[in-house]
Amino acid sequence: MKLIHVVVFCFLFGMSFSQEKQHTSAFDINYFKGNIALHNPSILHLITGHPEGFIFSYNIKTFGYNEWERQYNYPDYGVSFAYQNLKNDVLGNNYSLYGHYNFYFLKRNLMFRIGQGLALNTNPYDKESNYRNNAFGSKILSATYIMLNYKKEHLFGHFGVQTGFSLLHYSNGNVKAPNTSINSLTLNLGVTYNLDEKEPKYILLDSSDIHKAYKEPIKYNLVLRSGINESDVVGSGQYPFYVVSTYVDKRINRKSALQLGTDVFFSNFLKEYIYYRSVSFPEEPTTGEEDYKRVGLFVGHELFVNKMSLVTQLGYYVYYPFDFEGKTYIRIGLKRYFGKKWFGALTLKSHAAKAEAVEFGVGVRL
């Protein structure tokens, strides 16, 4: 599930007001318990019990006063705090803070939540005192959780219940080795509490808007990305990387755009890794003179949700002088628009299920 773990991004929650109340608020708390998924044999020694914990969330409900709320069936947005006991002294415990969205289906009885944030781990890897923890190489981790709940509100006045499944993921995106990560598959049971006794009526989506074609010309994008990362060789050092991305995108409807573009990667960790392979494994053909730069072509999709968007891209290296994790790569992450042209981006680049880097970016869409 490394495809969905990207590190914290800034969710900006704004309450807007008019003569009529546009939002209401609610809390929920969920207890969960489950299993750590064995996605890699190297973490087998860390799976010794059934992790459990709780997720406490504050939700702001929407009722269609903005067009994007009607397009997405009146979602909620909010913040969550989670505690998880991983049932292993080597792993320690995790405390997490997230921004999240709730999306509703089946007459609002089925809720799908996705949250992204940061976690604090109490016992990360240490080469002397905790060398067995190959899951978490740093104290600060990227945290993602997905929740699918059957939900019934106002069963007893302000109170309601919900139950379902949750997936919790922790990783540092290879900012520091080791970084095997942990995924927990859990069952959860929770209680909801609505702060407002009465809620405004939903503003319905106009039928003319549903069938109206959304037109926008082809847009040209330039993104500069950077960050630090480390190879899987523990202690090899953290190095900065730089990525220049250019692409075109075309909106196909109000929610989606398709992308086609190219990336140029300047990965200094790979430069060091090439040198390491050349001196540590003389039986290999690596000379140490191989170019560490790479060039990729990619296709992608962007899903627009208000001023935020979710980006997914699939790439293929067309310039690939050194073999590292294969010729295909993927990128998934969030963008936040500031006006009509400028945006910030936080993305995870990986090869299949193996993360390479968390990328912080700034870009322009013309």
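I began with helix α3, residues 268-280. At 1.5 Å a residue, its 13 residues should span 18 Å, and its end C-alpha atoms are 18 Å apart, so the two agree. The expected span is 1.5 Å times one less than the number of residues. The model is predicted: local features need pLDDT of at least 70, side-chain atom pairs count only at pLDDT 80 or more, and totals for chains, interfaces and linings use all residues. Residues are numbered from 1 along each chain as its sequence is written, and side-chain values use heavy atoms, without hydrogens and water.

Which residues of α3 are buried? I found F269, L270, Y273, I274, R277 and S278. Buried means under 20% relative accessible area (1.4 Å probe, protein chains only). An α-helix has 3.6 residues a turn, so residues three or four places apart point the same way.

Contact here means heavy atoms within 4.5 Å.

Then I turned to the whole chain. I noted three helices and 16 strands. These are DSSP runs: helices are H or I with at least four residues, strands are E with at least two. Buried residues make up 49% of the 366 residues. Of the contacts with a separation of 6 or more, 64% join residues 24 or more positions apart.

Last came the overall extent. The C-alpha trace spans about 70 × 55 × 30 Å along its principal axes.

Technical notes: Buried means under 20% relative accessible area, exposed over 50%, partly exposed in between (1.4 Å probe, protein chains only).
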